[in-house]
Amino acid sequence: RIGTPDRVKMVFVSGYSGVGKSAVVQHVRKRLQGKKIHFISGKFEQLQPAGPLCALDAAFSEYTNSVIQKGPQCILETKKAIVDAIQADAGVLTDAFPCLCKIIGKPTTTPVEIGPMASQNRFRFIFQMFIRAINSLSYPIILFLDDLQWVDNLSLQLISSLMTDTEIRNLLFIGSYRDNEIDHIHPLTVHLNELKNEKVAITNINITDISKEVVSTLISDVINMPNSLTESLSDVVYKKTGGNVLFVIQFLNSICDEGLLFYSFDDKGWKWDVDAIEAKEIPDEVGALLSRKIRQLPIGCQHSIKILACIGSKCDESILIPFMCQGRGDSYFSLLDYAIDEGLLKKEGSTYMFAHDQIQNAAYSLIPESDQSCMH
């Protein structure tokens, strides 16, 4: 329905950390693969604030790569659309989003210096012209920005300007945030109220913890046993985790690691010690459980993911090399495989990323305060 008169322009996915907000959006993204859509995304950071527009910059890096992958004709059409729209002001755009130089080239002139307020108004206007230009092409755009509870004010202003621009039709904005970490005076709340007053079409989706019945179904599927036989395990897992999806998964991994949930080759089925699981002391928060899991990794692997936590939620291998190798060749990268096997990290191409920002937080929390500044 993107581009139709009654279109929904914004979708917000809210909920506590670990309930599966990002997973829901990524599931939609997978369903849309192969369709004529630019699905681009960025993520705001808590531990490594990279300055204003960091999430938008990441999203437009994805857009740039998507255009390049579609071939020379798409690059030429996109370049023409952008240049025709912003003309001599390309430098204003590429200063904020250097990745766009891959499409339109490096500007030959520098932007005229003007006052701070005029400069901000100029940038907002050129940004709108840029979005209008790429929006007029044959591919609709879905822009997903994660962790809006850490959004900067300039990014919010730009998002609001796009959502209230009646000339922009083929754009859907999806944002996710932790609703327990914002209040009525949070900048996101303020901007949302303003957009509602502007009659912008918004859909809100709240993700909650999963029910006891869903936990039972999940465990039944994981160990391939009927619900009637896993009831004792499901009951104690739900009691310990409260149905938080991330907590459920990490708790199951934890009891497997400790041999409290195991596969019996003699009985050809899964077994568990429900009394030992019931007696198991677990932290109040999933972060503490994750910290404990990280401390069980090889020392070199712990060091590597601490470095990654300082850099951000994800990082290309080429950026990690100077920090990690130090004459050891690929040894630290092979150590990261332990974290990947444990589900703490994911690797897509040459990019390493934390499976969840709670894991990044847990890794960062293990760095002594006295060492944090030098590691940065």
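Biologist: Which element gives the most to the lining of the second largest cavity?

Modeller: In this predicted model, the lining of the second largest cavity includes Met 10, Phe 12, Ile 159, Ser 160, His 191 and Leu 192. Strand S1 (10–14), helix H7 (153–163) and helix H8 (187–197) each supply at least two of the lining residues. The element that gives the most, with four residues, is H8.

Biologist: How many charged residues has the lining of the second largest cavity?

Modeller: This cavity has a volume of about 60 Å³. Its lining has nine nonpolar residues and two polar ones, and the number of charged residues is none.

Biologist: How many residues of the lining of the largest cavity are charged?

Modeller: The largest cavity has a volume of about 90 Å³, and Gln 250, Ser 254, Asp 257, Glu 258, Leu 289, Arg 292, Lys 293 and Gln 296 line it. Helix H11 (245–257) and helix H13 (286–295) are the elements that give two or more residues to this lining. By class, one lining residue is nonpolar and three are polar, while the number of charged residues is four.

Biologist: What is the angle between the planes of Phe 127 and Phe 130?

Modeller: There are 11 aromatic pairs by the rule applied here. One of them joins Phe 127 and Phe 130, with 6.3 Å centre to centre; this pair is tilted, and its planes stand at 50°.

Biologist: Are Tyr 263 and Trp 270 stacked or edge-to-face?

Modeller: Tyr 263 is partly exposed, with a relative accessible area of 36%, and Trp 270 is partly exposed at 26%. Their ring centres are 5.8 Å apart. Planes over 60 degrees apart meet the cut-off; with 75° between its planes, this pair is therefore edge-to-face.

Biologist: Which residue in the hairpin of S6 and S7 takes a positive phi?

Modeller: Strand S6 (residues 261–264) pairs with strand S7 (residues 269–272) in the antiparallel sense over four bridges, and Phe 262 stands opposite Lys 271. Four residues lie between the strands of this hairpin. The residue with a positive phi, near 55°, is Lys 268.

Methods. Residues are numbered from 1 along each chain as its sequence is written. This is a predicted model: local features need pLDDT of at least 70, side-chain atom pairs count only at pLDDT 80 or more; totals for chains, interfaces and linings use all residues. Side-chain values use heavy atoms; hydrogens and water are left out. Two strands pair if DSSP finds at least two bridges between them. On a 1 Å grid over the protein atoms alone, a cavity is a set of points where a 1.4 Å probe fits but cannot get out, and a pocket is an open set with protein on both sides within 12 Å along at least five of seven lines; lining residues have an atom within 4 Å of a point. Grid points are joined across faces, edges and corners, and a volume is the space filled by probe spheres set on the points. Ala, Val, Leu, Ile, Met, Phe, Trp, Tyr, Cys and Pro count as nonpolar, Asp, Glu, Lys and Arg as charged, and the others, Gly among them, as polar. Rings of Phe, Tyr and Trp (its six-membered ring) pair if their centres lie within 6.5 Å; planes under 30 degrees apart count as stacked, over 60 as edge-to-face and the rest as tilted. Buried means under 20% relative accessible area, exposed over 50%, partly exposed in between (1.4 Å probe, protein chains only).
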